[in-house]
Amino acid sequence: MNPGDRVRVDRADRTYEGVLLPSSTDDHLVVKLEGGYNVGVDRAEADVDVLAEDVYEIDGTDSTGADDDTGSEIEFDDDLPTISLLSTGGTIASTVDYRTGAVTAQFDAEDVLRAVPDLAGRANYRGRVVANILSENMEPPLWRDLARAVAEEIEAGADGVVVMHGTDTMQYSASALSFMLETPVPIVFTGSQRSADRPSSDNVMNAVSAVEAAKSDCAEVMVCMHASESDDRCALHRGTRVRKNHTSRRDAFETVGAERLGEVDYDSEEITFHRDYRERDETELELRDDLEEDVELLKFTPGMDPQFLDVVEGSEGLIIEGTGLGHVHTDLIPRIEDLIEEGTTVVMTSQCLEGRVCDRVYDTGRDLLEAGVVEAGDTLPGTAKVKLMWALENSEDVEEAMGTSLAGEIQERSVPWE
């Protein structure tokens, strides 16, 4: 039997049927099942029947399963724009390694084109790995690395940048680059909720739509992900107003408190924008990547012990997710005032998904303002944390900066838009 044969594998009380893939060892068989998943089986414990020979061509290997080192070449077309593909890891940057059957994150421009052939002919590509991590391991120093990499790509002539990023913390990274970079070209974050070896993977449509967005006239930081569960269009969200609102749906990302920035029609490749945006080449490239990392985000809940605030004592900044218009239990206010007097900048946001804080309506809010708490309008709590980290290092008046929309993070009015 050879890679590419259809086989039936019996092991103990389980039977697997599918296409045999190359394996990196002689001790294991790797089989791609009909549903798109791969399974590894101990060869010594399995009985194998070849059902059909050479039913599937395995790219990247010769007929014996050994690596074919002929590789692939990327041809540059002077008539096409140049798009830089930056990877930080995550599902979308992964491809199936047919030597092992595993999903790996080995990444360069050629890897992406092999994984997403539909990208060919749309642009010239440069590939670059900034990090190779699970997105929950993203940290502020990596935001700086990413911002600098994006700036370097733009300086080198990129007409747009696509950042491939894990979905769990994508909204934080998109916010960070929104504040750290003034950009003359589009910067588009995209990811995948489902890996490339799953038949329901969203990586192809998201990647293609992100490249189309990176070729557009919208010179902002955007997030490009499925607009619905169907494979028809991707939504474009402003980097400072987006939130992942579902753990696993392909259309997990939503713009909060406003209409989404735009959409990419997958079939026609037409991009429709619903809101005003900064146009390409409207501004010069500027990188301001200093961050104060000692900033925390705290969600107030009923019954919270005021001593819980001792954990953030000495921090440079604190974002509080208050209830409603921006409230906490009155017993917490004296401790918050102590933190402010000791030098911590305390900023109030709301845990409500829409609307803005207004601490002038009720006594609790007035007491918080009197204590020195700064209001953040309708800035999303996660965005507010990133913004405060940036403002503490880059703004002469932090309170004014937190109350001013610097990158579209604060809406002019909080009204229903649907």
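Residues are numbered from 1 along each chain as its sequence is written, and side-chain values use heavy atoms, with hydrogens and water left out. Because the model is predicted, local features need pLDDT of at least 70 and side-chain atom pairs count only at pLDDT 80 or more, whereas totals for chains, interfaces and linings use all residues.

Helices (H or I, at least four residues) and strands (E, at least two) are DSSP runs, numbered from the N terminus. Two strands are said to pair if DSSP finds at least two bridges between them. Strand S1 (residues 6-11) and strand S2 (residues 14-21) form an antiparallel pair over six bridges, in which Val-9 is opposite Tyr-16 of S2. S2 also pairs with strand S3 (residues 28-33), again in the antiparallel sense, over four bridges; here Leu-21 faces Val-30 of S3.

Ala-12, in the loop between S1 and S2, has a positive phi of about 55° although it is not a glycine, and is exposed at 75%.

Glu-337, Asp-338, Glu-341, Glu-342, Asp-363, Asp-367 and Glu-370 gather in a negative surface patch (residues with over 30% relative accessible area and no salt bridge, like charges joined within 9 Å, nonpolar side chains Val, Leu, Ile, Met, Phe, Trp and Tyr within 5 Å; areas by Shrake-Rupley, 1.4 Å probe; salt bridge, Lys or Arg side-chain nitrogen within 4 Å of an Asp or Glu carboxyl oxygen). Helices H5 (333-341) and H6 (363-371) each supply at least two of its residues.

How values were computed. Lys, Arg positive; Asp, Glu negative; His and termini not counted. Charge placed at Lys NZ, Arg CZ, Asp CG, Glu CD. Buried < 20%, exposed > 50% of the residue type's maximum accessible area, 1.4 Å probe, protein only.
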